[in-house]
Amino acid sequence: MKNVANKKCPVKAPNYKVIVALEVPPELKTASGIIMPQDLVERERKGADYGVVVDIGPECFRDFKEKWFKIGDTIGFPRYAGLDKKIDGVTYRSINDVEVCFVLEKENVSIEEPKNGSKKK
């Protein structure tokens, strides 16, 4: 997905918005071998909560002392933040700069969803 940041973004971020290409797991099959239907894969894409920054609006970071992410970074944000648009097979999401919760510092980090029923200690 990092290669999306290297392409020319078909969407421009206005004001304080950040455009993110959503990360989507490429597997269409579960660990037990069950093939996931395409509509379920699409629903999972809508629920993504991390992605690669492809454009940053001119007013971003206005309320912050410094810029803390850049184009090409993988960021995390609330699951239902922003507005999605699918263009050329890539789903882009427009979110507010203040909705960014974290930036992944390492390359090739595996992001896993918590298992159902798991508890924090």
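# Chat about a predicted model

Me: Let's start with charged side chains. Which residue does Glu59 meet in a salt bridge?
Reply: Glu59 pairs with Arg62, with 3.1 Å from N to O. Keep in mind that this is a predicted model.

Me: Is Arg62 buried or exposed?
Reply: Arg62 is exposed, at 65% relative accessibility.

Me: Where do Arg79 and Asp49 lie?
Reply: Arg79 is in the loop between strand 3 and strand 4 (83-87), while Asp49 is in the loop between helix 2 (38-46) and strand 2. The pair therefore ties together parts that are 30 residues apart in sequence. Arg79 is partly exposed, at 30% relative accessibility.

Me: And what does Lys70 meet in a salt bridge?
Reply: Lys70 meets Asp73, with 3.0 Å from N to O. Lys70 is exposed, with a relative accessible area of 52%. Asp73 counts as buried because its relative accessibility is 12%, and the cut-off for buried is under 20%.

Me: Aromatics next. How many aromatic pairs are there?
Reply: Two aromatic pairs. One of them is Trp68 with Phe69, whose ring centres are 5.4 Å apart.

Me: Why is that pair edge-to-face?
Reply: The planes of Trp68 and Phe69 stand at 85 degrees, so the pair is edge-to-face. The cut-off for that label is over 60 degrees.

Me: Which residues form the aromatic cluster?
Reply: Phe61, Trp68 and Phe69 form one cluster. Trp68 is partly exposed, with a relative accessible area of 32%.

Me: What about phi of Asn15?
Reply: Asn15 has a positive phi of about 45 degrees, although it is not a glycine. Asn15 is in the loop between helix 1 (3-6) and strand 1. At 44% relative accessibility, Asn15 counts as partly exposed.

Me: Now the inside. Which members of the largest nonpolar core touch the most other members?
Reply: Val18, Val20, Phe69, Ile75, Phe77 and Ile95, in a core of 13 residues. The largest share of this core, three residues, comes from strand 1 (residues 17-22).

Me: What is Val18 in contact with, leaving aside neighbours within four places in sequence?
Reply: Val18 has contacts with Val53, Asp55, Cys60, Phe69, Ile75, Arg93, Ser94, Ile95 and Asp97. Of these contacts, Phe69 is also in the aromatic cluster.

Me: What does the second core include?
Reply: The second core is separate and has seven residues, including Ala13, Ala21, Val54 and Val90.

Key
Residues are numbered from 1 along each chain as its sequence is written. This is a predicted model: local features need pLDDT of at least 70, side-chain atom pairs count only at pLDDT 80 or more; totals for chains, interfaces and linings use all residues. Side-chain values use heavy atoms; hydrogens and water are left out. Rings of Phe, Tyr and Trp (its six-membered ring) pair if their centres lie within 6.5 Å; planes under 30 degrees apart count as stacked, over 60 as edge-to-face and the rest as tilted. Buried means under 20% relative accessible area, exposed over 50%, partly exposed in between (1.4 Å probe, protein chains only). A nonpolar core is a set of buried Ala, Val, Leu, Ile, Met, Phe, Trp, Tyr and Cys residues joined through side-chain atoms within 4.5 Å. Helices (H or I, at least four residues) and strands (E, at least two) are DSSP runs, numbered from the N terminus. Contact means heavy atoms within 4.5 Å. A salt bridge is a side-chain nitrogen of Lys or Arg within 4 Å of a carboxyl oxygen of Asp or Glu.
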